[in-house]
Amino acid sequence: MALERLGSTLYDALKKVFRATVVDEASVKELVRDIQRALLQADVNVKLVVDISKRIEDRALKEKVPPGISRREHVIKVVYEELTRFLGEKPVPMKVEPGKKNVIMLVGIQGSGKTTAAAKLARYFQKRGLQAALVSVDTYRPGAYAQLQQLANRISVPIYGDVKQKDPVKIAHDGLTLFADKEVIIVDTAGRHKEEQDLIKEMKMLEKNIKPDEIMLVIDGTIGQQATAQAKAFNEATPLGSILVTKLDGSARGGGALSAVAATGAPMKFISTGEKVEDIEAFVPSRFVGRLLGMGDLETLLERVREAEVKVPEKTAKAILSGRFTLTDMYEQFEAMKGMGTFRKLLKMIPGMSYDIPEDALNVAEGRLEKWRVVIQSMTPSEREDPKVFNSSRIKRVAKGSGTNEKEVKELLKQYSLMRRMLKTFRRKKKLPFFGKGLPTGLK
Ligand SMILES: Nc1nc2c(ncn2[C@@H]2O[C@H](COP(=O)(O)OP(=O)(O)OP(=O)(O)O)[C@@H](O)[C@H]2O)c(=O)[nH]1
Ligand SMILES: [Mg+2]
């Protein structure tokens, strides 16, 4: 299952909670089951799945809900926090000291993306003003040096290698001596050997002799359960300092890599999402989970929703509660939404919306909202208060005044009645329905 699929499956699970009329023990249990299924399908290790779901269930059911947030928000917060915790609480920064020689040795099995990652990392540090250099000690794979050399030339980073030399330790020594004045030296190792044992032995030898500041395991994000075994094998041979997961762009089963992180205790520091040298980013757990779930940053979302609730003018709130909702109120709600940043950003932050709405529809919705504001501005106060008075001549006048056409004015009026009808069903709630069905766009 692709990473994005994992995200949307997890999100579907959460969406049920968002839409449920009450959030009770049954809905929490159902959510936990859905999350288990999603994680298992994404190749996350069974034991981990059990651990994480138990924690979610315990916290969601037993923890006291903090004041100011609803149980619904709390449950979603718990899921978000536990998934984040599973990936590592905080981003772990690279321990690279400027002005000093920092040696990073990349290890990993063949095809995991080491050579590509070496160039990407060199580029990453180079962009941050550090003197980077590359050393290729892969004496096994034909053309390994040439491959890295080509990438190095492209980013103008110096490289050392020696195709005639068969001893990787010797090459490493020479390279590190040559680059004694550099700040970040990335050593690309072999990923293939006749026997896996030989590969492990070679990594041990290299580690003992060059004493890198950090050994980084490069792991292919598309592999499933083998990731755990692979990571463990490398970790036993050479204690891993960090993990870099590649190929999270295509049909990646991120779960395998995530299990590897959990199995070794080494933090994930980078992810790579494409073949180009620029396709690398520092790994930030909360951002990653947010992306996985398609919900941006949950903290920000909750904050904005609270802000939005406060911003609803008293009069509008009353109108909604009494069922008298006019175009003026609709206009004010649009204005409030505008104050919260662009409509698109808001939609993206609302869980579920980012998966439900295609980009085209987002553009349309955003453009339309702007147009509707102008249309409402062209109406007389009495029309806004009592939209029933609209007949074809008034529609014609408003269309002309707002630089739109009659169809668009009619559409706004239709949207208004839809929204009004919908709001009636929310009458007893004190909040403006920003979530789910509550979106005044007709897009759901
Ligand atoms: N789509 C995608 N492809 C990647 C990514 N990283 C690496 N690749 C591709 O994966 C293939 C293998 O990458 P390499 O960097 O040569 O892997 P390696 O670990 O050095 O392989 P060996 O030297 O044989 O051990 C290449 O075709 C890369 O272009 C990534 O993040 N996304
Ligand atoms: Mg290679």
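This note goes through the predicted model point by point, from its confidence and overall make-up to the ligand site and some single residues.

1. Basis of the model. This is a predicted model, in which local features need pLDDT of at least 70 and side-chain atom pairs count only at pLDDT 80 or more, while totals for chains, interfaces and linings use all residues. Residues are numbered from 1 along each chain as its sequence is written, chains are lettered from A and ligands numbered from 1 in the order in which they are written, and side-chain values use heavy atoms, with hydrogens and water left out.

2. Confidence. The mean pLDDT of the chain (pLDDT being the predictor's confidence in each residue, from 0 to 100) is 78, and 73% of the residues reach 70 or more. The pLDDT is below 50 over residues 340–344, a stretch that has 16 contacts in the model beyond near neighbours in sequence, and a contact here means heavy atoms within 4.5 Å. The pLDDT is also below 50 over residues 346–358, where the corresponding number of contacts is 45.

3. Overall make-up. The chain holds 20 helices and 8 strands, taken as DSSP runs numbered from the N terminus (H or I of at least four residues for helices, E of at least two for strands). Of its 444 residues, 51% count as buried, where buried means under 20% relative accessible area, exposed over 50% and partly exposed in between, with a 1.4 Å probe and protein chains only. Among the contacts with a separation of 6 or more, 73% are accounted for by residues 24 or more positions apart. The accessible surface of the chain comes to about 21200 Å², and 52% of this belongs to carbon and sulfur atoms; accessible areas come from the Shrake-Rupley method with a 1.4 Å probe, and for residues only the protein chains shown count as cover.

4. The shell around ligand 1. There are 20 residues around ligand 1, of which K114, T116, D249, S272 and E275 come nearest; a residue is near a molecule if one of its heavy atoms lies within 4 Å of it. The shell divides into 1 nonpolar, 12 polar and 7 charged residues, with Ala, Val, Leu, Ile, Met, Phe, Trp, Tyr, Cys and Pro counted as nonpolar, Asp, Glu, Lys and Arg as charged, and the others, Gly among them, as polar. Helix α5 (residues 114–127) gives the largest share of the shell, 4 residues.

5. Atom pairs at the ligand. A polar side-chain atom of E275 lies 2.7 Å from an oxygen atom of ligand 1, while backbone N or O atoms of G113 and S112 lie 2.9 Å and 3.2 Å from an oxygen atom of the ligand. The protein covers 82% of the 650 Å² of accessible area that ligand 1 has on its own.

6. S112 and T246. S112 lies in the loop between β1 (102–107) and α5, and is buried at a relative accessible area of 2%. Not counting residues up to four places away in sequence, S112 touches V218, I219, D220, T246 and K247. T246 belongs to strand β6 (residues 242–246) and is buried as well, at 3%; its contacts beyond four places in sequence include S112, G113 and S272.

7. Positive phi values. Most residues other than glycine have a negative phi. The phi of S156 is near 55 degrees, and this residue is found in the loop between α6 (144–155) and β3, where it counts as exposed at 60% relative accessibility. The phi of K247 is near 60 degrees; K247 is found in the loop between β6 and α10 (254–264) and is partly exposed, with a relative accessible area of 31%.

8. F234 is in helix α9 (residues 226–237) and counts as buried at 3% relative accessibility. Leaving aside neighbours within four places in sequence, F234 is in contact with V107, G108, I109, L199, I200, M203, L217 and L240. Under the corresponding sequence limit, T264 is in contact with A231, K232, N235, L240 and I243.

Terms used: A polar contact is a pair of N or O atoms within 3.5 Å; within protein, one must be able to donate a hydrogen and the other to accept it, and residues adjacent in sequence count only if both atoms are side-chain atoms.
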